[in-house]
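This report goes through one structure region by region. The sequence and coordinates come first, and the notes follow.

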Amino acid sequence: MKASVRAVVIGGGVVGASTLYHLAKIGWTDVMLIEKSELTSGSTWHAAGGMHTFNGEANISRLQKYTIDLYREIEQLSGQSCTLHPNGGLMLAANQGELDSLKLICSRARYLGMETEMITIEEALALNPLIDPCYFIGALWRADGGHCDPSGTTHAYAKAARVLGASVERFTRVLELRQRPDGSWDVVTDKGTVHAEHVVNCGGLWAREIGRMVGINLPVLAMEHHYLLTEDIPEIKGRAKEIVNTTDYSGEIYMRQERGGALIGTYEPHGIVWSPIKTPDDFAMQLLPDDFERLAPYFEVGFRHFPALGRVGIRKAINGPFTFAPDGNPLVGPVRGLRNYWVACAVMAGFSQGGGIGLVLSRWMAENDPGQDIISMDVARFGAFATPKYTSIKVPENYARRFRLTYPNEELPAARPVRRSPIYDRLRERGAVMGANFGLEHALWFAPKGVAPVETPTYRRSEAFPIVREECLAVRRTVGLYETTNYGKYEVTGRGARAWLDRVFACKIPKPGRLGLAPMLSEAGRIIGDLSIACLAEDRYMIVGSGFAEEFHLRWFSASNPPADVFVRSAASTLCGVSIAGPNARALVEKLVRVDVSAAAFKLFHVVETAVGYAPSVLTRAGFTGELGFEIWTTPDYFASLYEDLCEAGESLGLVHFGGRALSSLRLEKAYGSFNKDFRPDYTPAETGLDRFIDFAKPAFTGRAAALAERAAGPKRRFVVMEVDAGDADVIGYESIMQGEAAVGYVTSGAYGHTIGKSLAAGYVPTALAREGERLTIDVLGEMRAATVRLEPLYDPKGLCLRS
Ligand SMILES: Cc1cc2nc3c(=O)[nH]c(=O)nc-3n(C[C@H](O)[C@H](O)[C@H](O)COP(=O)(O)OP(=O)(O)OC[C@H]3O[C@@H](n4cnc5c(N)ncnc54)[C@H](O)[C@@H]3O)c2cc1C
């Protein structure tokens, strides 16, 4: 075993092997994989080997496609077969909701360049004759996908990595990780110590334990999972082609051909957590006892939906554990506060995702940038809220819903409420229907008296539609109150604060008493954040951004090396906020403050520290609705008083509460993009339009060279808002934008604009098509809908309300 390498990858499952291969491929050939037992001996060896490109996130779908396409490459390089069965995939719908979801997948796949088609059940039968058609109403077929041999595939990665110069140490257990003052690691094993600049936790079933070695608590948990292998099935005997891998949503079943028989698996509703506290050290190449009694009712559904499977015997049953994060996506990337420690774990679909994970992680390690937006699998999407208790409740919920649709208007109930603002109960009393963001409850819409605060999950407009309309209209006509506590909040203080902010943010840093819109770029000139900075004093700043991105932004701040005279801290739990918006907003605020907030004295983006009612607050003239608006920030102990004062003062002014749904509608009418939906690390300043907030005259800031180069060359695509000739459904996200038969762009967010009476879609189109009135189409749930580009905001294009 070498004494020193550039990076040690811990774990020889499919994810570790892929990571090793990609590190070697990117040029880090001095890398070592350490595996405590034989390769594949964790959850990899007994996997069903299914692979597909389906994921709710476009970029993860792309990475899954990359993974599947990669197998030929590693086969060639290693000489080791992956035993590929590229027989494609069928997804079956039993009801309208499922059919809508398949149509959405189909619309998304077009721009991703994936071969996908809606087909009839009769056509589906030709691809898989084992389906009982009476249970289904439609299907989606996709060319990508199939299955592979888990062991062959893992060995192909490892052998290909060795060909490139990497080494693999089997039967060597990592016992301890000790960090040296220079940030490198002593990796202590039972066969000696290896010094490595970087370590990667690909520990799969033991990822939690390898996290504990460095004092972190990764939100990852293993669940037991069963599949069965049947004896030969006469109905498929002699078929020229293998049947197509099939997913049955309503039955919560997946099945595929395995030699002359079938493999059938289920994700049952009351799954069993495996080793909730600690994974046994000596577990290797092992299965768990079958539990047919518990699982029989769920497999029986499969035998009804695929009757031939029920007519033959069961050859073998597999029950094995594998890991999940609370939302089912992997945990990838660097961990805040830990230099040179990387994770690639909680991978529940290693044969669809392993290659893509290796690709982005190797880029991240070697080039300091994953190369594309992967927020949805970034370990930083979880923060302190993802405690072991949270994980232990959320993971089983996710497991149970593996094949259950989560509708775009659906909020999952497990582990709720976790984080609550001081006015949570008051909002609930007012009929608030809550969502959770970064563990924090926030209002989506408010059910009026006499209306139940519940919503039917759907891809189309729900019963909340007319209620949200009333909320929007009230903001435009009188005044609305929206709780902003769920935004990401940070404080930056100290003598060096301005200089540091100047380097980290691309904008001009505002003067005391002013607020500025603040894009933050990666070195490659991609949008890392779209925040606002309020300057309270030369050495004191309040920064507000997306709540979802809190850990992501904190990690970015800490990687931006604040010097000793700069203090950066999260204000997530120390600041609560409320936005007051609408023509009567000033009249309301005036009742509670002693400072002059008149139009002349307190202009857009002014900031003042003042009492608002009882509450010592930061008052800013800002908002996201396009109306005259104020945001008020105070500490949690004053927040309920502030809220009461606002409600009382607002009563005679027509104050209404509005929620996140109304905000989405109001902001799109103003063509404001939102971070994580419209603005993400895939996009550039000129594409998003955020270049208008960049101070190009500044001599230095992160991403400056790339932003200047882009400005010189001009963007290839642009963020636009389109009016959609919609039916009873508005766009959701990632639908393809078409020009004739060609997919030219995709949707990033959508809503119905209630003030202007039009359905709206935001998205990216080639610059040549970003023209006023350009006529395009969008596939909305299988129907081609006319979409017209609008370059000016559809509401108050001159910003008169905003500035009033
Ligand atoms: C029944 C079943 C069916 C499945 N079907 C599919 C499927 O069809 N398609 C699909 O894509 N996925 C499937 N999966 C999931 C798939 O198995 C996982 O996504 C994949 O195996 C995860 O790989 P990994 O490398 O992250 O983890 P693991 O395979 O668990 O690998 C982790 C490795 O780390 C090693 N290790 C741990 N601690 C140490 C240490 N201290 N020192 C050295 N080495 C250490 C372990 O020995 C182990 O080999 C299935 C899983 C199960 C259980």
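Which backbone oxygen lies 3.0 Å from a polar atom of the side chain of Tyr341? The oxygen belongs to Ile210. The model is a predicted one. Tyr341 sits in strand β19 and has a relative accessibility of 1%, so the residue counts as buried. The side chain of Tyr341 also makes a polar contact of 3.2 Å with the side chain of Asn201.

Apart from neighbours within four places in sequence, the contacts of Tyr341 are Leu177, Trp185, Val199, Asn201, Ile210, Gly211, Val214, Ile216, Gly333, Pro334 and Val335. Thr391 is 50 residues from Tyr341 in sequence, and their C-alpha atoms are 22 Å apart.

## The ligand site

The shell around the ligand has 38 residues, and those that come nearest are Glu35, Thr44, Gly50, Val347 and Gly350. By class, the shell divides into 18 nonpolar, 17 polar and three charged residues. Elements that supply at least two shell residues each include α1 (14-26), β12 (221-230), β17 (314-324) and α9 (350-367).

A polar backbone atom of Phe351 is 2.8 Å from a ligand oxygen, and a polar backbone atom of Ser43 is 3.0 Å from a ligand oxygen. For Gly42, a backbone N or O atom lies 3.5 Å from an oxygen atom of the ligand. The ligand taken alone exposes 1,000 Å², of which the protein buries 97%.

## His225 in strand β12

His225 lies in strand β12, one of the elements that supply at least two residues of the ligand shell. Is His225 buried or exposed? The relative accessible area of His225 is 7%, and buried means under 20%, so His225 is buried.

The side chains of His225 and Tyr254 make a polar contact at 2.7 Å. Not counting residues up to four places away in sequence, His225 touches Tyr254, Thr266, Tyr267, Ile318, Asn319, Gly320, Phe322 and Tyr399. Tyr399 is 174 residues away from His225 along the sequence, with a C-alpha to C-alpha distance of 9.4 Å.

## Nonpolar cores

The largest nonpolar core has 48 residues. Within this core, Val492, Leu501, Phe505, Ile533, Tyr541, Ile543 and Phe557 touch the most other members. Strand β25 (residues 527-537) gives the most to the core, contributing five residues. A second, separate core has 45 residues, among them Ile68, Cys202, Ile374 and Met377.

What does Phe557 contact beyond its neighbours within four places in sequence? The contacts are Tyr490, Trp500, Val504, Phe505, Met520, Pro562 and Val568.

## Phe306 in a loop

Phe306 is placed in the loop between α7 (292-305) and α8 (307-310). With a relative accessible area of 0%, Phe306 is buried. Leaving out residues up to four places away in sequence, Phe306 touches Leu92, Asn128, Leu130, Ile131, Thr246, Asp248, Ile253 and Met255. Leu228 is 78 residues from Phe306 along the chain, and their C-alpha atoms are separated by 14 Å.

## Backbone exceptions

Most residues other than glycine have a negative phi, and most peptide bonds are trans. The peptide bond from Arg416 to Pro417 is cis, with omega near -15°. Pro417 falls in the loop between α10 (388-400) and α11 (424-429).

Two asparagines have positive phi values: phi is near 60° for Asn340 and near 45° for Asn561. Asn340 is in the loop between β18 (331-334) and β19 (341-345), while Asn561 is in the loop between α14 (550-559) and β27 (567-570). Asn561 has a relative accessibility of 54% and counts as exposed, because the cut-off for exposed is over 50%.

Conventions
Residues are numbered from 1 along each chain as its sequence is written. This is a predicted model: local features need pLDDT of at least 70, side-chain atom pairs count only at pLDDT 80 or more; totals for chains, interfaces and linings use all residues. Side-chain values use heavy atoms; hydrogens and water are left out. A residue is near a molecule or strand if one of its heavy atoms lies within 4 Å of it. A polar contact is a pair of N or O atoms within 3.5 Å; within protein, one must be able to donate a hydrogen and the other to accept it, and residues adjacent in sequence count only if both atoms are side-chain atoms. Accessible areas come from the Shrake-Rupley method with a 1.4 Å probe; for residues, only the protein chains shown count as cover. Helices (H or I, at least four residues) and strands (E, at least two) are DSSP runs, numbered from the N terminus. Ala, Val, Leu, Ile, Met, Phe, Trp, Tyr, Cys and Pro count as nonpolar, Asp, Glu, Lys and Arg as charged, and the others, Gly among them, as polar. A nonpolar core is a set of buried Ala, Val, Leu, Ile, Met, Phe, Trp, Tyr and Cys residues joined through side-chain atoms within 4.5 Å. Buried means under 20% relative accessible area, exposed over 50%, partly exposed in between (1.4 Å probe, protein chains only). Contact means heavy atoms within 4.5 Å.
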